[in-house]
Amino acid sequence: MAKLENVAIIVVAAFAAIFLHSTEAEDFTVGGSTGWINNPPRGASFYSNWAKNLTFKLNDTLMFNFPAGRHVVAILTQLNFEKCNFTNPIQVLSTGPARVTLGRTGEFYFVCAFTGHCSSGQKLSLNVVTVSPIPPHSPLPPVEASNSPSLGPASFPSEEPFL
Ligand SMILES: [Cu+2]
């Protein structure tokens, strides 16, 4: 009997670890090893490609890697982002590496405000969501053979009814 209880505790702990991992804040290095540069490979698509396959959640952080004095991080409105217009930025971080906490949901717009850098592709927009979906390869314990194709979201607690 004692063995069975131990197994139950381990299973509960494993589920708790998976759940906590899926909700804990993550730290993203913008552009990966390339960092925050002007004239990135393939221009503005470089940073949008970097962000495309990532999920940014509330309270995640972004690390912009750049030497102080070479670039800045300016947070803009969507309209100013599209025009590379740096007047009235929402926020400017001029010391690199700069860390930004994604403290709200919705769209964020980042550019470098040095002349020519935004128009050369040093710009990043991303969307922040409340909770990340369960990753497709999360290490769930083996389940008995089942024909049900949906193991993921249906078993995840949700405030919205599935209709
Ligand atoms: Cu720059």
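**Notebook: a first look around the chain**

I began by counting elements, and the protein chain has three helices and eight strands. I kept in mind that this is a predicted model.

Then I asked myself: in what order do the five strands of the open sheet lie? I wrote down β2-β8-β7-β4-β5, with mixed pairing. At the edges I found β2 (56–57) and β5 (91–93), each of which pairs on one side only.

Strand β4 covers residues 73–75 and strand β7 covers residues 106–111; the two run antiparallel and are joined by two bridges. Which residue of β7 is the bridge partner of A74? I traced the bridge across to V111.

After that I turned to the chain as a whole. I see 163 residues, of which 18% count as buried. For contacts with a separation of 6 or more, I noted that 72% link residues 24 or more positions apart.

Last, I checked the confidence. The mean pLDDT of the protein chain is 82, and 66% of its residues reach 70 or more. I marked residues 150–158, where the pLDDT is below 50. Beyond near neighbours in sequence, I found that this stretch has six contacts in the model. A reminder to myself: where pLDDT is low, the predicted coordinates should not be read in detail.

Technical notes:
Residues are numbered from 1 along each chain as its sequence is written. This is a predicted model: local features need pLDDT of at least 70, side-chain atom pairs count only at pLDDT 80 or more; totals for chains, interfaces and linings use all residues. Two strands pair if DSSP finds at least two bridges between them. Helices (H or I, at least four residues) and strands (E, at least two) are DSSP runs, numbered from the N terminus. pLDDT is the predictor's confidence in each residue, from 0 to 100. Two residues are in contact if their C-beta atoms, placed from the backbone, lie within 7 Å. A residue is buried if 20 or more other C-beta atoms lie within 10 Å of its own, exposed if 12 or fewer, and partly exposed in between; C-beta atoms are placed from the backbone.
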